[in-house]
Amino acid sequence: MTMFLRGWKVRVGLTVLGFFTFLAVFGPWLTEHVVGIDPRANDITAIAAPPGGDHLLGTTQFGQDVLAQVIAGARGSLFVGVLAAAIGTALAILVGVTSGYFGGTVDNVLNLLTNIVLVLPGLPLLLIIAGYLQGTGLWVIALVIGLLGWPGGARTLRAQSLSIANRDFLVAMRMLGEKRRRLVFFEVLPHLSGLIASMFLHAMIGGIMAEAGLAFLGITDSSAVSWGTMIQAAQQQSAVLRGLWWWFVPPGLCIALIGTAAALVNFGVDELANPKLRAATRSATRRARVAARAAGGEA
Amino acid sequence: MTTTAPAAAQPRRAAKAARRWRFLARRLGFYLAALWSAVTLNFLLPRLMPGDAAVGIIERLERVSGQQVSPSAVESIQRLFGDPDANLLRQYFAYLGQIVRLDFGVSVQSFPTPVSDLLAQSLPWTVGLVGATTVLAFVLGTGLGVLAGWRAGSRFDAVVSPLTTFVSSVPYFWVALLALWAFGFLLGWFPLSGGYDPDAASGPAFFLSVLHYGALPAATIVFSAFGGWLLGMRNMMVTTVREDYVLLAKAKGLSPRRVMLRYAARNAILPNFTGFALALGGVLGGALLTEIVFSYPGMGYLLYSALNQRDYPVMQGVFLLITIAVLIANLLADSVYALLDPRIREGR
Amino acid sequence: APGNTAGGGADTLVIGKTDAGTTYPRNFNVVGPATQKTPGASLIYEPLVRTDYSDGATTKPWLAESWEFSDGGATLSFTIREGVTFSDDRPLTADDVHFSLNLPLDQPQFNIAGVTYTAVEKVDDKTVAVHFAQPAYSELNQFANPQLPMVPKHIWADQDLNTWTNPDPVGTGPVTLASFSAQQVTLATRADYWGGTPRMKTVKIIPTSQDAVKAQLLRGEVDWAATSWPGADKEYVAVDPEHHQYQQYATGRAYALVFNAARTPFDDPALRRALSLTIPRTDIVATLNRPGTEAGPTGLAEQVYGDWLKADYRDADPAIDVEGARKALSDGGFTVENGALTKNGQSFTPTLSFNQDYGWGAYADIIVNSWRKTFGLTVKTVGVPSVNLYEQQQLGDFDLTVAEIGGPGVFATYAGFNSKYTKPLGQKAPANFGRFTDPDLDAAIQAMAGTDDEGRLKELAKDAQTVVVEQVPFAPIYNSYWFININSKRWGGWPDPQDFDRVPFPDLGPDAARTLLGLTPTGRK
Amino acid sequence: MSVRVADEVTAVETATVLDVDGLNVEYVTGDVPVRACVDVSFSLRRGEILGVAGESGSGKSTLITALTRLQRPPAVITGGRILFHPEGRRAPVDLVSASDRQLRRLRWTSLSIVLQSAMDALNPVARIGAQFVDVLRAHDPGLSKQAARERAVELLGMVGISADRARSYPHEMSGGMRQRATIALALACEPELVVMDEPTTAVDVVMQRQILAQVLRLRAELGFAVVFVTHDLSLLLELADRIAIMYAGRVVEIGAAESIYRAPRHPYTRGLRDSFPPLSAPLRTLSGIPGSPPDLRRPPGGCPFHPRCPDRFTGCEEHLPVMSTVDDGLVACRLHESGGVS
Amino acid sequence: MTAPILEARDVSMHFTVRGAFGQTAVVRAVEGATLALRPGGIVALVGESGSGKTTLARLLARFHRPTSGEIRLRGEPVGKRGDRAYHRDVQMVFQDPFGSLNPLHRVRYNLERALRLHHGVKDRAELERRVVELLERVSLVPARDFVDKFPHELSGGQRQRVVIARALAVEPAVLLGDEPISMLDVSIRLDMLNLLARLREEEGLALLYITHDIASARYLCDEIVVMYAGRMVEGGPKEDVLARPLHPYTRLLIESSPDPDRGRAALFDGADELGEPPSLIDPPAGCRFHPRCPFAMARCRTEAPPRTTVSSGQWAHCWLLDGQETT
Ligand SMILES: Nc1ncnc2c1ncn2[C@@H]1O[C@H](COP(=O)(O)OP(=O)(O)OP(=O)(O)O)[C@@H](O)[C@H]1O
Ligand SMILES: Nc1ncnc2c1ncn2[C@@H]1O[C@H](COP(=O)(O)OP(=O)(O)OP(=O)(O)O)[C@@H](O)[C@H]1O
Ligand SMILES: [Mg+2]
Ligand SMILES: [Mg+2]
């Protein structure tokens with residue numbers, strides 16, 4: 001764990017993630033007490049005003065405060081991202097681990113299902129299903145994203161649990177007479193936790209991006225504020241071509257930041273799982289170079 | 001473990017061929033099953049979901065004409081678009097029959113234009129734009145990934161990898177918006193919409209205009225897609241570079257270039273390649289948002305407009321086409337992977 | 001040169017079309033219900049009459065030189081204009097008109113125009129008559145519908161309209177199809193057009209987006225487009241005041257908050273009035289960047305219906321009336337408790353459904369914020385995609401919703417609130433989504449349908465207005481406009497919104513034809 | 001020098017081929033570096049087989065890769081010299097400071113390597129023959145493809161692999177075949193020195209016997225010197241001319257195979273020898289070496305073996321023993337320090 | 001001789017494998033194996049890689065069900081018994097001490113699970129006492145230093161002791177060791193062998209010791225069984241087998257094993273052309289060793305040799321012994 005926290009990537013990533021989580025949790029409180037502005041209030045005296053003065057990040061075409069919206073949007077975006085990732089990951093675990101660990105007919109059926117869902121084109125299907133369910137709220141959007149997002153992970157988990165199921169320690173525990181369920185939860189799953197964490201982070205980025213993409217297409221809950229709906233509103237009001245950059249840059253940047261942060265944490269997870277990657281980091285190389293130079297060896 | 005005695009090679013080979021066929025049959029079976037599921041899903045979705053096509057048309061007609069569609073017109077439109085009470089099973093078989101004949105029906109929004117006409121109109125654009133950019137992004141990303149992974153820990157790697165992480169985390173439609181604003185609107189270097197200059201009807205002028213119109217969307221797709229390839233390739237390279245055969249290749253005194261390309265990259269690229277084939281399969285549905293931002297006349301845009309108007313026949317047609325493309329790409333990935341990796345080719 | 005989309009020469013007019021996607025299908029089947037047809041069809045196929053928005057949206061002759069009601073309004077005979085030819089040089093005959101008018105009766109599934117007559121009869125070589133089941137003075141405007149065009153019988157008679165896309169259209173309009181490509185429609189003007197000879201040789205229609213067309217207008221690649229451009233004053237007109245024009249023409253329609261009168265508590269006019277009085281119309285039009293376009297209480301735009309409006313309702317003050325609203329609310333017996341409307345121990349927390357495809361959420365916010373401020377009332381806003389919203393509106397599945405109301409003429413505007421269209425909640429109503437019922441309004445509409453005497457009509461219109469203003473079936477918010485973007489570097493002679501006899505809206509067939517005829521080359525390329 | 005070698009190698013060259021002097025290799029990870037090779041010195045004569053034995057983690061593989069300058073990051077050579085004496089050239093090359101180009105010229109033509117696992121050492125996506133052709137043509141650009149291919153077949157034949165196998169992929173061959181192929185590959189350019197890192201650990205005893213027999217035969221034919229690393233001392237006792245014993249990154253004893261077996265001087269060497277039960281000699285209870293090898297990050301002070309040493313006496317935990325010559329060998333143990341510093 | 005506690009009678013194990021291309025093949029991993037383990041006795045199973053040693057052990061551990069033949073525990077055919085009851089008597093120790101301990105669980109967890117599952121021990125203090133006792137039995141002292149360690153904090157030898165302690169916690173009658181020392185450091189191996197020998201002495205365990213190192217087999221066991229390509233080729237008291245191998249393969253195996261006491265000259269002679277072990281998918285007919293056997297006769301190619309027992313209980317499957325049976 002300490003090794004995990006040592007790299008700058010993980011630390012930066014966790015800090016940023018933590019910051020946005022904080023925003024998501026305390027956002028409403030923040031906007032009310034710190035910023036002092038309701039993200040939905042319209043300040044008709046400041047329409048599409050650039051940053052400064054009363055509105056630190058400027059206002060939208062509707063006189064709504066961009067900063068307050070960005071803060072409020074953290075909750076919407078993270079909500080969809082986390083929920084979708086949770087659903088997707090849970091399904092992936094359910095299907096993948098069951099399939100890999102139990103094998104046999106269960107495996108054949110689940111594997112076929114996984115492969116079929118995997119080849120169904122994701123975004124278009126998402127669009128179509130979400131399109132049918134339009135206007136039903138972030139819950140449904142997260143649900144749809146999650147429901148379509150599991151097969152990749154399930155496939156990986158299946159392969160992994162297949163290999164774990166044949167590891168000696170599992171065989172040993174089985175010979176001790178452990179029950180299958182206990183084996184799955186206490187022996188197999190903990191081993192996949194790194195992989196699962198990594199999958200979850202990936203899925204979260206995917207979920208946030210997918211929400212933003214769907215919102216951009218108008219498939220969203222427009223009574224909720226999320227970064228996606230902000231970009232959509234800006235696009236609808238031609239904010240880009242009108243140069244109202246303060247309106248559409250912050251939400252896009254936030255998405256990019258959170259994505260980068262999750263990816264950075266993921267680096268750490270990957271390096272934890274794959275020491276070869278760890279040895280290939282810049283700090284490791286630099287240290288080696290210094291040592292070599294100190295010894296005067298190696299031209 | 002199992003060794004083939006040379007004497008037994010002949011019958012072995014025949015057996016191997018037979019096994020290969022059986023394998024192919026199995027795979028084909030899977031693809032058929034997947035196709036059938038997609039087709040069935042395609043059939044069921046519009047029927048399970050609330051709302052019908054007529055509403056979409058009426059709403060849109062009102063908007064376009066600016067007049068309330070009169071009650072008698074509403075009735076007419078409902079009459080034109082199907083009898084929702086018909087027997088579901090019969091409908092299903094009729095639908096399957098249609099699909100087999102590649103008859104996707106008639107578009108609702110462009111009544112009575114056949115869906116296949118619309119598909120044929122959009123397909124080349126998407127295949128051209130997204131296909132080319134997918135290849136480009138793959139080549140670029142993989143190439144840079146080889147370098148970054150080969151010199152893992154170097155300054156190049158230390159700068160490129162985190163930067164790429166950031167770049168690939170940026171929502172791509174947002175990048176597209178920014179690009180459109182900067183290069184299309186402010187600088188005016190590129191057109192803001194469309195796929196070609198309609199006045200440059202043919203010949204090289206047409207071709208040039210296609211390049212010109214496609215440049216900006218292509219650049220944004222490449223921009224947001226190459227990072228994934230880069231990072232994937234880098235990590236595979238880092239792992240592969242530490243393999244003994246790479247060490248041995250170095251020990252053999254081969255030139256570093258050769259070791260990097262023929263030994264390390266050649267092996268490291270295998271997983272990326274599967275991803276590439278799948279990405280090619282995703283080409284048709286992949287760049288939907290980009291197409292919308294740039295009003296590019298492709299499949300994504302078609303699907304989007306169909307969706308907005310509940311043009312089920314078009315939606316189904318697009319979806320089916322995309323699914324078929326993905327399946328073909330999977331098949332391709334399977335076979336080409338086997339070509340690239342002898343361990344799989346021989347079926348161990 | 002970059003984006004030389006237009007490539008128009010001195011004899012070409014380029015129209016940028018922003019609402020038809022990125023490619024066009026080749027589909028001139030004008031009577032089909034398609035929403036994606038080849039643009040320009042309304043310049044090729046023409047209706048019998050036109051609606052004149054410069055004159056109270058009344059009906060004016062077009063392919064019909066004149067008309068006459070008989071049988072107490074149950075029969076209508078059109079006299080066909082002489083000298084009208086199709087683009088294949090065949091003259092427009094009574095047979096063609098008969099065929100065209102009979103088509104929706106013959107094949108009811110193509111009654112997209114929603115015709116209400118029951119029979120068509122060729123009277124003589126110049127006259128065709130239609131018969132109604134009852135007096136239909138007010139229903140004359142259906143013959144202005146672009147979905148009811150005069151088509152050549154000799155071509156159309158033997159086509160199966162279910163599959164025919166009419167790729168090479170032959171019509172009476174000022175242009176013919178010169179060439180088609182999915183990303184550009186090129187029309188050639190006709191020297192033998194009955195209305196005159198347009199000065200340009202070609203008209204090009206290119207697909208573009210709402211954002212892209214702005215740049216194209218600025219660069220002069222597009223001469224004519226119709227898209228709303230908030231901030232056009234600064235961003236467009238100011239750039240070249242001489243040539244860049246941004247014009248607004250009232251359509252006579254208005255965006256309005258519609259109450260579901262079939263649901264308590266919105267069956268109470270006092271509540272409806274209270275809510276209507278506190279809609280911050282000025283704020284909304286400010287964020288829309290369209291100052292001064294607040295709708296009056298009747299929902300009839302003054303620009304169009306000036307002399308049809310009752311004097312009391314002219315120049316209404318758009319400011320919100322907090323006192324009046326609070327009074328109306330308490331008159332209705334309502335109180336607000338914990339954000340919920342309360343009456344007789346029952347409490348309600350209404351929702352406002354809006355069309356999320358158009359980013360209406362922010363305007364909905366403005367409205368509910370005002371209600372919260374004025375009454376302490378909490379109203380939830382729900383964004384619904386347009387198609388779904390339309391369906392919900394038909395089903396009566398809403399409390400408060402936003403819809404565009406209106407039609408060509410006062411009658412058409414108010415007829416939609418006739419109680420005869422109401423359906424029980426949960427069944428699709430073809431009109432009158434709010435299920436508003438008022439005998440006085442019904443009577444006024446009934447009477448308007450039975451006369452073509454303008455004085456009488458205006459009187460009845462004022463009666464109807466009184467009902468609407470007092471009973472508030474809907475609360476008009478802002479007027480709706482055609483937004484016209486013009487770059488007159490190459491073509492002059494555009495109408496002036498202050499004083500016009502034609503609306504230069506490209507899809508408004510006859511008006512667009514008149515616009516074309518009025519354009520003169522400036523000699524620049 | 002063993003008598004047996006003289007029997008087999010016709011002209012034993014007494015010239016030195018490799019001189020390792022004070023070699024230090026560290027793994028630079030974490031806060032404390034792992035000192036995997038500490039002050040390793042030995043020399044190797046032409047045609048000689050030097051066995052290196054030691055427990056797991058004693059730095060054998062590190063030594064092998066460092067000898068050929070193939071150590072992977074984070075391993076770093078932090079001191080010492082590796083003098084390679086190419087045939088027919090007077091000036092030795094210090095491999096530690098040689099430039100990449102210099103090294104590349106020496107590689108395979110003078111200096112080759114056999115790695116532990118043949119499965120991993122062969123490029124899985126290239127045919128065996130092609131991997132020979134690759135290296136042959138890299139060092140002899142004049143060689144035609146056809147000629148290179150013929151030479152590859154010839155080399156494979158040398159280790160008993162039939163010609164048609166040249167077109168096989170590594171995974172199509174058994175472990176033993178692959179291991180023999182990598183040995184043939186190492187000999188492709190007729191090097192003067194071959195370093196081998198446990199080349200037979202992954203194969204079973206029968207195959208091990210075949211492979212080693214071939215190595216011995218080929219050495220007799222080609223006269224290359226070998227550094228052979230393994231943890232199986234009993235194997236080395238049969239195979240090597242001289243044996244170096246490593247413990248905790250240090251060479252603790254070097255001597256002729258015969259004397260290492262009959263009269264080991266270092267307590268560790270003795271313990272190691274006694275860890276292998278005899279196959280034919282009378283059985284007695286053996287005890288191995290109690291305890292476990294030290295963590296190279298924090299090796300014990302003084303003699304690194306002292307915590308496990310049955311013969312330790314006061315001072316062992318403080319004083320690092322120096323290499324002393326004892327009879328025909330060298331040993332680093334304070335029991336034998338009286339013999340004088342060499 | 002005491003009655004066998006665990007027996008394999010003529011068991012065979014055929015695996016159906018599916019290749020990457022979905023084709024199937026049958027691997028005849030074990031064929032006609034017969035083996036008896038007696039309390040206090042150690043049987044060594046030797047043979048080269050892939051000869052089926054692990055498979056046989058797994059059959060005895062009921063990890064696989066035999067394709068044919070039967071396994072008997074205390075003279076009764078197993079099959080009716082539940083798995084847990086069976087494993088109360090038969091436990092297994094694996095080759096890789098790291099792999100057979102879940103890196104995420106402490107030493108304590110491993111031992112406590114075994115105690116809870118098989119002896120229903122619930123009481124904390126009682127658990128603690130027995131855990132300490134177990135660790136002491138495998139010489140992990142002071143035991144308290146080890147109970148809360150994770151596997152990665154232990155050396156290989158210590159890990160293997162934990163594995164053995166876990167098996168002992170069940171109080172089995174039979175311990176199956178699948179190359180239990182081959183992954184350990186050379187210096188620790190003997191320690192481990194001595195531990196196993198002690199357990200046999202003290203607890204009267206029946207032990208199956210699988211190895212490819214004949215020297216260690218000789219050191220530890222009473223009886224040696226040699227397997228080749230899925231079949232047993234020879235078995236008997238260890239000194240007899242090693243001193244007078246009956247089967248040519250046993251001879252080859254012994255000759256191939258390093259032995260510094262033996263003269264070097266003979267060792268590497270004629271080792272070149274020995275060929276390779278056969279494929280188990282398509283094994284040679286007759287005696288499976290015949291393609292590599294210098295004494296192969298026509299008969300060897302067609303007929304599988306029967307078991308021939310010579311004096312002192314040594315037996316082998318070889319046509320060379322035809323007619324030499326002594327009883
Ligand atoms: N990449 C690395 N990072 C840190 N320490 C390492 C690394 N590789 C090896 N070591 C350490 O260096 C020491 C020597 O390792 P080396 O591989 O040379 O041992 P070895 O004698 O070859 O062992 P074996 O018999 O197990 O192959 C060991 O203590 C090992 O832990
Ligand atoms: N689960 C299985 N499925 C298919 N084949 C198997 C399976 N387990 C073992 N085999 C095959 O059975 C044969 C015997 O394997 P086994 O592991 O029993 O040999 P072994 O003597 O233990 O070898 P080693 O000394 O390498 O451990 C091998 O060819 C192996 O590939
Ligand atoms: Mg090693
Ligand atoms: Mg085994």
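Modeller: Here is the sheet, strand by strand, and then the helices against it. Keep in mind that the model is predicted. The sheet is open and has 8 strands. Their order in chain E is β6-β7-β8-β3-β9-β10-β12-β11, and the pairing is mixed. Two strands form the edges: β6 (90–93) and β11 (307–309) of chain E. Each of these pairs on one side only. From one strand to the next, the twist averages 20°.

Now take one pair within the sheet. Strand β9 of chain E covers residues 223–228, and strand β10 of chain E covers residues 231–237. The two pair in the antiparallel sense, over 6 bridges. Val226(E) has its bridge partner in β10(E), and that partner is Glu234(E).

Next come the helices. Helix α1 of chain E, residues 53–60, packs on the sheet. Helix α1 touches β3 (42–47), β6, β7 (174–178), β8 (206–211), β9 and β10 of chain E. The direction of α1 makes about 155° with that of β8(E). Helix α5 of chain E, residues 156–169, lies across β6 and β7 of chain E. Helix α5 runs at about 175° to β6(E). Edge strand β6 of chain E is thus a point of reference for both helices: α1 touches β6, and α5 lies across β6 and β7.

For contrast, look at chain B. Its secondary structure comes to 15 helices and 0 strands. Of its 348 residues, 55% are buried.

Technical notes. Residues numbered from 1 in each chain as written. Chains lettered and ligands numbered in written order. Predicted model: local features only at pLDDT ≥ 70, side-chain atom pairs only at ≥ 80, totals over all residues. Heavy atoms only, no water. Helix = DSSP H or I, 4+ residues; strand = E, 2+ residues; numbered from the N terminus. Buried < 20%, exposed > 50% of the residue type's maximum accessible area, 1.4 Å probe, protein only. Pairing = 2+ DSSP bridges. Axes fitted to C-alpha atoms, helices over the stretch in contact; angles between N-to-C directions. Contact = heavy atoms within 4.5 Å.
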